[in-house]
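Please keep the sequence and the structure open while reading.

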Amino acid sequence: MSATDRLPWDVLLIGGPSGVGKSTSAKHLARQYVLPWVQVDDLRLTLQASQVRLPDPEDTRRLYFFDSPDVWTMSPEYVLDGFIGIGKILSPAIAKVITNHLATAEPIILEGDGLLPSLLTRADIQEWDPNGRVRAVMVAPPDEKTILRNMLARGRGIPGQSESDLRRNSRANWLYGTWLVAEARRFGVPVVDSEPLVSLSDRIATACASI
């Protein structure tokens, strides 16, 4: 029996703000179960590179929110709204990926900060998933300092940002993580602490198996 034969899910969603170890855990679990994994940011970048324009101009603005060169000079609360807006804009595209993998019975792991807990309440996903084969986990951030430390260690999106920009960045991600945790509890999605990082992937797998 292969590892995937024992999986209690066909689609695993790992959400949370930047700097909490989502990508590292998704990569580890993908290797463990010999499965593909996709970063939700790839969907956003694909839409942006295609210069997509949505029917509602406000939705288009949300899609390109982080293209603004001065976004990290804005208040953390303003950036928080941007995070939430992008998650809502991407939800239909993410749902299409999920239902496609349910239809083809091809397990996959999706991770990214654009995964909102409310995604599982969508009618299209519920229609395709009456048996609960889509599982989601939100990774909770420990504190702003740890997020900043992890972002610096990762190095992505850091060059060119001033110290004050970096602190606003980590503050915005902390606020977004707090919002995601509250939403996860509202929609019954399990929450796991990001620390200790060394056991995060195991704790994610356990949380999904126990739903």
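## The residue after helix H1

Valine 34, which comes just after H1, takes a positive phi of about 55 degrees. Since the model is a predicted one, this value, like the others below, is computed from predicted coordinates.

The buried residues of H1 are Lys22, Ser25, Ala26, Leu29, Ala30 and Tyr33, where buried means under 20% relative accessible area. They cover an arc of only 135 degrees around the axis, and therefore lie on the same side of H1. The face turned away from this buried side carries the exposed residues Thr24 and Arg31.

## The sheet

Five strands form an open sheet in the order E2-E3-E1-E4-E5, with parallel pairing. E2 and strand E5 (191-193) are the edge strands, each of them pairing on one side only, and neighbouring strands are turned by 25 degrees against each other on average, direction ignored.

Within this sheet, E1 and E3 run parallel and are joined by five bridges; leucine 13 stands opposite leucine 110 in E3.

## How H1 meets the sheet

H1 lies across E1, E2, E3 and E4, and runs at about 170 degrees to E3. The buried residues of H1 pack against strands E1 (11-15), E2 (37-39), E3 (108-112) and E4 (134-140), and also against helix H8 (200-209).

Conventions. Residues are numbered from 1 along each chain as its sequence is written. This is a predicted model: local features need pLDDT of at least 70, side-chain atom pairs count only at pLDDT 80 or more; totals for chains, interfaces and linings use all residues. Side-chain values use heavy atoms; hydrogens and water are left out. Buried means under 20% relative accessible area, exposed over 50%, partly exposed in between (1.4 Å probe, protein chains only). Helices (H or I, at least four residues) and strands (E, at least two) are DSSP runs, numbered from the N terminus. The arc is that of the directions from the helix axis to the C-beta atoms. Contact means heavy atoms within 4.5 Å. Two strands pair if DSSP finds at least two bridges between them. Axes are lines fitted to C-alpha atoms, for helices over the stretch in contact, and angles run from 0 to 180 degrees between N-to-C directions.
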